[in-house]
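Here is a short note for someone opening this structure for the first time. Please keep the view at hand while reading the points below.

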Amino acid sequence: MDDLIDPRILYNCLNNKHFSIILMPTEQCNFRCTYCYEDFKIGRMKEKTVQGIKNLISNRMPELKSFGLEWFGGEPLLAKDIIYDILKHINNLLFENKHIKFTCGMTTNSFLLKKDVAEKLVNFGCKYYQITLDGPQLIHDKSRIQISKKGSYSAIMANLYTLKESQLDFNITLRVHITPENFDKLDEFLKMLKEDFLSDNRFQIFFKAIENLGGKNSGKFKTLSHENKKIIIDSLYQKVQPSESSKIVENNPFYVCYASKANSLVIKADGSVAKCTVLFSDDRNRVGLIQEDGKLKLDSEKISLWTRGLFSGDKNILHCPLSNLPKLSKNNDSFIPN
Amino acid sequence: MDENNCKEKIVYDDFGRIILPIEIFETIFAGNAQKEGDSGTEDSDCDLTDFGCCGKNGNCTNNSCKEDDK
């Protein structure tokens with residue numbers, strides 16, 4: 001039973017009262033991080049896809065109990081007009097459907113997250129942000145590089161300090177990437193984060209070891225070994241929040257990845273539907289299309305590859321269905337164009 | 001389940017609503033022993049927003065279901 005998950009959690013992953021979408025308003029990015037797996041081939045979301053998303057949400061909203069929305073990219077704030085447009089639509093619907101719990105977040109490099117942008121987003125209900133730092137400026141600026149090849153540390157920190165000084169009701173996760181090169185050079189940096197940000201309960205920290213997730217940068221950077229990863233990350237948590245280190249655990253036994261959930265979809269900028277936000281170049285992750293009228297054409301066979309953990313109850317598969325993702329049957333005749 | 005074939009397919013309607021044959025529920029819940037007194041399928045207020053565990057949006061700290069549903 002140790003590897004099986006509570007059936008009530010599985011039920012919530014199959015429940016039509018809960019709906020979760022990850023939207024990619026653009027797949028372009030103003031950064032070229034040295035370890036990034038994305039290819040930036042797709043640009044901004046077209047108007048017909050935006051309209052399709054609005055129609056889909058309008059159709060589903062009245063029956064929902066909770067609606068989760070996450071903005072992803074590329075850098076989503078490069079298309080903030082699309083974000084505002086869709087959030088305004090959602091807010092209008094929420095006004096008529098006050099029973100719905102709406103949770104909205106964004107994975108952003110924060111370069112464009114100025115105070116006025118953050119104010120507008122927070123007022124629309126987008127309160128959760130994940131912002132990545134690769135360490136102190138000398139290290140960060142070597143890997144989180146703007147497309148202009150300039151560093152990004154100063155701009156990100158300036159925005160973070162401005163947000164901290166505001167009274168806005170947000171929750172920012174500072175994601176700190178860990179590599180074999182930086183893990184032993186973080187003491188002063190973590191001291192600064194602890195003193196300047198973590199004392200404010202709107203900020204939290206999350207250490208993430210850099211992983212090789214494919215793409216053209218694959219194999220061009222070093223990663224921590226599996227054995228070292230846990231030891232190093234545990235020790236880093238001890239430095240910033242020794243009394244609360246157990247709160248943030250990557251191997252949360254209850255964790256079900258959004259890709260495993262049957263009621264969670266990723267809608268890409270080109271209107272294609274995916275399950276996972278990593279394996280974008282793989283046909284198994286092109287699971288459908290959204291049409292302008294909001295209707296979805298979904299490939300059940302492909303989706304079943306990602307949701308298989310719901311049937312086995314296997315925690316490891318639910319945690320990351322990409323692991324040992326099965327192959328498609330030979331007779332799968334995909335209707336989704338590449 | 002034969003994971004190489006993924007026989008249990010979830011069917012969706014035109015707007016992404018899940019249409020589950022009863023057999024699928026049975027498959028899911030038969031394999032998971034329920035504690036005495038648990039309905040096993042009770043609804044909860046959990047929200048589904050999380051940042052996942054992998055890729056650039058990995059987080060795993062925002063999984064409100066785990067607390068709401070316990």
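1. A definition to start: two strands count as paired if DSSP finds at least two bridges between them. The model is predicted, and the points that follow should be read with that in mind.

2. Start with the sheet. Chain A holds an open sheet of 10 strands. Their order is 6-5-4-3-2-1-7-8-9-10, and the pairing is mixed. Which strands are the edge strands? They are strand 6 (203–209) and strand 10 (296–298) of chain A, and each pairs on one side only. From one strand to the next, the twist averages 25 degrees.

3. Now look at one pair within the sheet. Strand 7 (residues 264–267) of chain A runs antiparallel to strand 8 (residues 272–274) of chain A, and the two pair over 2 bridges. A:Ile267 has A:Val273, in strand 8 of chain A, as its bridge partner.

4. Turn to the helices. Helix 7 (residues 187–198) and helix 8 (residues 226–240) of chain A pack at an angle of about 50 degrees. Their axes lie 9 Å apart. Helix 7 of chain A is therefore oblique to helix 8 of chain A. The crossing of helix 7 of chain A past helix 8 of chain A is right-handed.

5. Which residues meet where helix 7 and helix 8 of chain A touch? Helix 7 of chain A brings A:Leu190, A:Leu193, A:Lys194 and A:Leu198. Helix 8 of chain A answers with A:Leu236, A:Lys239 and A:Val240. By class, this contact has 5 nonpolar, no polar and 2 charged residues.

Key: Residues numbered from 1 in each chain as written. Chains lettered and ligands numbered in written order. Predicted model: local features only at pLDDT ≥ 70, side-chain atom pairs only at ≥ 80, totals over all residues. Helix = DSSP H or I, 4+ residues; strand = E, 2+ residues; numbered from the N terminus. Axes fitted to C-alpha atoms, helices over the stretch in contact; angles between N-to-C directions. Parallel < 35°, antiparallel > 145°, perpendicular 65-115°, else oblique. Left-handed = near helix turned anticlockwise from the far one by under 90°. Contact = placed C-beta atoms within 7 Å. Nonpolar A, V, L, I, M, F, W, Y, C, P; charged D, E, K, R; others polar.
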